[in-house]
Amino acid sequence: MLDNEEYSHGRRRSVDVGGLALALENQGLGHGWGGWEEDEQGETRYAELLSDMYTHTQTTVSHHVHDISPIVIPAHTRVHLINSIDSWHFEPQNLPEEEVLFCAQILFESLFRIEHMREDIGVSLDDISVFLKHLQPLYCGHNSYHNFQHAVDVMQASQAFLCAAGVVPPVSILLDGDDCTWRPNKLGKEGRLAFDLNNTCLFALYIAAIGHDVGHPGLTNMFMKNAKAPLSDVYDNKSALEQMHCALLIQAMRHHGLGKLLERPDSGFRKMLAGIVLATDMSVHYQFIRDFQSLVDGREYSLDRRQLLLCQAIIKCADISNPSRPPGVSHYWANALMAEWTYQASLEKRWSLPPSVTPSECPLDQVRGQIFFIGSYAKPLMDLVAQAVPEMETFACQCTTNLAMWVARKEVLSSVSAEDSPYPPVVIPCLRPPEDFLTSFPLTLPAFVLTADEPPASGEWHSTYPPSDSSSSSDFGSDVHVDHPVIFPSLSPPASPAPSVGSSYALATRSSSSSLASNTSDATQAMRAAYSASVRKKKSFHHRYSWNVTINSGSSPGISTPPPLLSTIPKAALLLSESTASNRTTVTSVTAIVSSPIGGITEG
């Protein structure tokens, strides 16, 4: 699953910043890797996607940097949270937003009690603290399931599994004094797979857990594929969301001193981190099961392959650990995911997309769904991993108990009418208005949502993205704005649930790159030239590029409005300058400015 060229499962190589899956000549992909038949058109389209993805990754992360002070946890709150985190009955969804962030900090603090962890990683807890404060608003607070609470829940589950295996200390070690360090006791456990994990692996797993769903729009990969979202084109419909999570996570790390881990020669940290996050894509679940089964069966693997497979196993178990939690906790997360599916199903119906999820409409449907998921995915995974990590048998047993509970409930519901059911009816959540999704990472949305190209329908609902407020911690400055309303066909705007985290993404561009592909103006020609000159000659995106376009604005000096095509280039990436020509007309030079992956900006 891990070799010298790819992270896992045959995906093409990606770069750190922007997560741009570059298809190169030596892989036989070359021209038009996204499926376009004409070389020239494919090159242009590819360059545009690279530009959009790179720019949005940079601007999304950069514009959420506000408070760079470390987290300070009150003493009485710290004790309460430590006891809560050390319990398998952990419920982050019931904690205030601030305390959810505290939990993530506490988990890293306990990890840093491991002997030599600070020296091996080379970053401070203050760096991690600021990184966590930056990461939290990058999660979409409107999501009922894929939010920051879920990320902390996965991180706590990962810690619980590793603690049971004796690889990391319990969080309660933080109550033993500041100077207390910890080392694993391997006596009688020699040769255990869990002890193959070194400090770098453990840190990569913790970072992956807290960032594995960053930027999630609350929509699935299949939805984006059916809707032809630009992000799916960027990654050729292969783990598009997971690759985006990697891109945003790595970019956030670079902002706070954690980027040095990505550049260490021979450390393998970057590949380990990406391999862990990419494994959370359920479309590669059965491939992982086959690989891990071969490890359990005794197949010889290199050390780094064993380390990756175990880290992937831990985060996969943690990501779908809800069926192994106590019943009350398990039910909450099942309902939260069902609510998110309900929102997605409403969008699919609204936009006439093929249905890709089936929300439960009655208790019996919900029970059947849980039985299917636990029996087909969660329980087989837990049982398999417990063969390699025996201490996880406890969690696998809880999963089995919960499955039996759902089966018993199914028998009761199947024998009575809906009116006589002893169980409460399924609560259908208030649907999120489509405008809520405008706060998602832009390329995860269908092109017509960003361009307002969708034909108006009866009872159309005009929704304008909220204007920027420089005082807001979650919006861009006033230089980014929305020029025209987005049209969503709807009879009326339904109520929106209050988000658990006050986060949003600024929409840096109002147009998808598809509008550029069919245009033959000077800007497109310039982009094609820039692409041909630099992008395709590089084996990574670690270079700087820009393009200049000169336009004549006629005889109206003082007006510097770019033509419609140029307005499709991300506004954050445009620099306008004016000069007066000999014929007294105003000439406006439009320069695309793109942040360099290495740092700073590059001006064309």
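Close-up 1. At 43% relative accessibility, Arg368 counts as partly exposed, a class that lies between buried (under 20% relative accessible area) and exposed (over 50%), as computed with a 1.4 Å probe on protein chains only. The model is a predicted one, in which local features need pLDDT of at least 70 and side-chain atom pairs count only at pLDDT 80 or more, whereas totals for chains, interfaces and linings use all residues. Residues are numbered from 1 along each chain as its sequence is written, and side-chain values use heavy atoms, with hydrogens and water left out. Arg368 forms a salt bridge with Asp365, their closest N and O atoms lying 3.9 Å apart; the term stands for a side-chain nitrogen of Lys or Arg within 4 Å of a carboxyl oxygen of Asp or Glu. Asp365 is likewise partly exposed, at 31%. Both residues belong to helix α16 (residues 363-388) and are 3 residues apart, about one turn of the helix. Helices are DSSP runs of H or I with at least four residues, numbered from the N terminus. An α-helix has 3.6 residues a turn, so residues three or four places apart point the same way.

**Close-up 2. The salt bridge between Arg78 and Glu109.** The whole structure holds 9 salt bridges, and in one of them the side chains of Arg78 and Glu109 meet at 2.6 Å, N to O. This pair links distant parts of the chain, with Arg78 in helix α2 (residues 75-85) and Glu109 in helix α3 (residues 97-111), 31 residues apart. Arg78 counts as partly exposed at 22% relative accessibility, whereas Glu109, at 12%, counts as buried.

**Close-up 3. The salt bridge between Asp196 and Arg306.** The closest N and O atoms of Asp196 and Arg306 are 2.9 Å apart in this salt bridge. Asp196 lies in the loop between α6 (148-164) and α7 (199-211) and Arg306 in helix α14 (residues 303-319), so the pair ties together parts that are 110 residues apart in sequence. Arg306 is partly exposed, with a relative accessibility of 22%.

Close-up 4. Asp236 has a positive phi of about 55° although it is not a glycine, and its place is in the loop between α9 (230-234) and α10 (240-255). Ser239 is found in the loop between α9 and α10 and, although not a glycine, has a positive phi of about 50°. Asp236 counts as partly exposed at 22% relative accessibility, whereas Ser239 counts as buried at 6%.

Close-up 5. Of the 10 residues of helix α12 (residues 269-278), 8 are buried, so the helix is largely enclosed by the rest of the structure. Among these buried residues are Phe269, Met272, Leu273 and Ile276. What covers the buried residues of α12 includes α7, α10, α11 (260-263) and α14, where contact means heavy atoms within 4.5 Å.

Conventions:
Helices (H or I, at least four residues) and strands (E, at least two) are DSSP runs, numbered from the N terminus.
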